[in-house]
Every structure is written in structure tokens, then in C-alpha cells.
Amino acid sequence: MTSGFDLVVGFDTEYVRGSYLDDSIPDADNAVVSYQLAIYAPTTGAKKSGIIPTAGLSRRNRLSMRGFLIRVVAAAVAEGMITATGKIRIALVAHYSRA
């Protein structure tokens with residue numbers, strides 16, 4: 001099932017509702033506190049997990065999917081899980097997703 005991919009990336013977010021941490025955030029908004037990730041390289045069997053904290057609680061501090069994946073791939077390269085040449089095939093596994 002994972003043999004066609006260079007990386008399998010599981011991800012989730014930790015957030016709190018509205019003004020729980022900061023009175024300037026409306027109750028209708030969620031404040032993202034951090035992103036959790038688990039990386040698996042099927043070709044080597046290497047595994048790594050981590051947490052990426054946000055720079056702040058407002059929406060402008062959230063990572064885009066592209067920004068998140070750039071950090072994930074950089075971590076995988078730094079850990080020697082994959083090489084930084086050519087295209088990388090990534091399977092994304094969301095803990096909870098709503099599209």
C-alpha cells in the first residue's frame with residue numbers, strides 16, 4: 001500500500017477554541033497551537049515524529065499545506081530518510097479531515 005511513495009506523512013493539529021488563550025481571538029475562531037506529524041519512509045523503514053509550534057495564535061500564523069510539507073521534507077532530508085534530488089511522492093494521512 002505504501003510502496004509507491006517516498007514518504008508517508010501523518011498529521012494533525014492541536015487547537016483551542018476562541019478566547020481560551022487570548023481574549024483578542026473571537027470565540028467562533030479556533031486558535032491553532034501546533035501541528036503534529038509522523039513521517040515514514042517505506043523504502044528504508046525509517047520513522048520520525050515531531051511537533052511544529054505555531055508562531056502565534058492568529059490565522060496569519062497558520063501554516064499552509066505547502067509550508068507544512070516544506071518543513072516535513074526538510075526534516076526528512078536532514079534525518080537522512082530521503083535524498084533531496086528529484087520528485088518526492090508523498091502520501092498524506094490526516095488524523096481528521098473535512099473537505
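Predicted model: local features only at pLDDT ≥ 70, side-chain atom pairs only at ≥ 80, totals over all residues.

Visitor: In what order do the strands of the open sheet lie?

Guide: Strands of a sheet pair through backbone hydrogen bonds, either parallel or antiparallel. Strands (E, at least two residues) and helices (H or I, at least four) are DSSP runs numbered from the N terminus, and two strands pair if DSSP finds at least two bridges between them. Here four strands form an open sheet in the order E3-E2-E1-E4, with mixed pairing. Strand E3 (46–53) and E4 are the edge strands, each pairing on one side only.

Visitor: Which strands run parallel, and which antiparallel?

Guide: Strand E1 (residues 7–17) runs parallel to strand E4 (residues 90–94), joined by five bridges. In this pairing Val-8 stands opposite Ala-91, and Gly-10 stands opposite Val-93. E1 and strand E2 (residues 30–41) run antiparallel and share 10 bridges; there Tyr-15 stands opposite Val-32.

Visitor: Which strands does helix H1 touch?

Guide: Contact means heavy atoms within 4.5 Å. Axes are lines fitted to C-alpha atoms, for helices over the stretch in contact, and angles run from 0 to 180 degrees between N-to-C directions. Helix H1 (residues 65–78) packs on the sheet, touching E1, E2, E3 and E4, and its direction makes about 130° with that of E1.

Visitor: Which residues touch the most other members of the largest nonpolar core?

Guide: In soluble globular proteins, nonpolar side chains tend to be buried together. A nonpolar core is a set of buried Ala, Val, Leu, Ile, Met, Phe, Trp, Tyr and Cys residues joined through side-chain atoms within 4.5 Å. Buried means under 20% relative accessible area, exposed over 50%, and partly exposed in between (1.4 Å probe, protein chains only). The largest core has 15 residues, of which Leu-7, Leu-37, Ile-39, Phe-68 and Val-72 touch the most other members. E1, E2 and H1 are the elements giving two or more residues to this core.

Visitor: Why does Ala-91 count as buried?

Guide: Ala-91 counts as buried because its relative accessibility is 15%. Beyond its neighbours within four places in sequence, Ala-91 contacts Phe-5, Leu-7, Val-8 and Val-9.

Note on methods
Residues numbered from 1 in each chain as written. Heavy atoms only, no water.
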